[in-house]
Amino acid sequence: MTDRARIILVTGGARSGKSALAERLVMRHPGPWLYVATAWAGDGEMAARIAAHQARRGDGWHTVEEPRDLDSALAQADGRFGAVLVDCLTLWLSNWYGADAPVNRLCARLHQMTAPVVLVTNEIGGGIVPADAAVRAFRDAHGAMNAAVADAADQVWLAVCGQPLRIKPGRDVDEIL
């Protein structure tokens, strides 16, 4: 494994510094860089969040808004950009609400990419068990998606209180136990 992994997953809680960490990881590669946004501005608050992300990124970044078809967005970007950032998988999964998100297809595409890809997701399964069956189903699908993408990734980072913690590659479990 090289210092600059090809597939990197960044996870953490809300406002934990995930996106800023992911942007720094992408900018370790030569530009130009592509930001694949899975969100859209459905209201003023979300528009302000999107504007803040865009202002922080600055020059050298290109943006593609793709709420569902990450496979095509990544395929079209490969070879045209120094690295790609997908922000975020949690919103992508929610955009598939009521249908099965093509997580296996996404993981297969990631392995086909020649450009490095950094993906952002949320860590949502650490709280209480939701009372609503639909929310429990989303939480479970989200956990399975995160596990599949983390398995495909060369590196996994956790952002906590704005601080990065690399969790993959880590120590072998046999070294710890």
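Q: Which helices and strands each supply at least two residues of the lining of the largest pocket?
A: In this predicted model, they are α1 (18-26), β2 (33-37), α2 (44-57) and β3 (61-65). The largest share of that lining comes from α2, with nine residues.

Q: What makes a residue count as part of a pocket's lining?
A: A lining residue has an atom within 4 Å of a point of the pocket. For the largest pocket, 26 residues line it. Among them, Arg15, Ser19, Arg49, His53 and Asp87 lie nearest its centre. The volume of this pocket is about 640 Å³.

Q: How do the residues of that lining divide by class?
A: There are 12 nonpolar, seven polar and seven charged residues in the lining of the largest pocket.

Q: What lines the second largest pocket?
A: This pocket, with a volume of about 220 Å³, is lined by 13 residues. Leu93, Ala99, Asp100, Ala101 and Ala141 are the ones nearest its centre. Both α4 (89-95) and α6 (133-152) supply at least two lining residues, and α6 gives the largest share, four residues. By class, the lining has 10 nonpolar residues, two polar and one charged.

Q: Where is Cys161 found, and what is its phi?
A: Cys161 sits in the loop between β6 (155-160) and β7 (163-168). Its phi is positive, about 55°, although the residue is not a glycine.

Q: Which other non-glycine residue has a positive phi, of about 60°?
A: That is Arg15, in the loop between β1 and α1. Is Arg15 buried or exposed? Its relative accessibility is 68%, so Arg15 counts as exposed.

Q: Where are the peptide bonds that are called cis?
A: One joins Gly31 and Pro32, with omega about 0°; Pro32 lies in the loop between α1 and β2. Another runs from Asp87 to Cys88, with omega near 5°, and Cys88 is in the loop between β4 and α4.

Q: What makes a set of residues a nonpolar core?
A: The largest core here has 28 residues, of which Val84, Val86, Leu89, Trp92, Leu119 and Val149 touch the most other members. Two or more residues come from each of β1 (7-12), β2, α3 (70-77), β4 (83-87), α4, α5 (103-112), β5 (117-120) and α6. Apart from this core lies another, of 16 residues, including Ile8, Leu21, Trp33 and Trp157.

Q: Which residues is Leu89 in contact with, leaving aside its neighbours within four places in sequence?
A: Leu89 contacts Leu9, Leu70, Leu106, Leu119, Val120, Thr121, Met145 and Val149.

Conventions
Residues are numbered from 1 along each chain as its sequence is written. This is a predicted model: local features need pLDDT of at least 70, side-chain atom pairs count only at pLDDT 80 or more; totals for chains, interfaces and linings use all residues. Side-chain values use heavy atoms; hydrogens and water are left out. On a 1 Å grid over the protein atoms alone, a cavity is a set of points where a 1.4 Å probe fits but cannot get out, and a pocket is an open set with protein on both sides within 12 Å along at least five of seven lines; lining residues have an atom within 4 Å of a point. Grid points are joined across faces, edges and corners, and a volume is the space filled by probe spheres set on the points. Ala, Val, Leu, Ile, Met, Phe, Trp, Tyr, Cys and Pro count as nonpolar, Asp, Glu, Lys and Arg as charged, and the others, Gly among them, as polar. A nonpolar core is a set of buried Ala, Val, Leu, Ile, Met, Phe, Trp, Tyr and Cys residues joined through side-chain atoms within 4.5 Å. Buried means under 20% relative accessible area, exposed over 50%, partly exposed in between (1.4 Å probe, protein chains only). Contact means heavy atoms within 4.5 Å.
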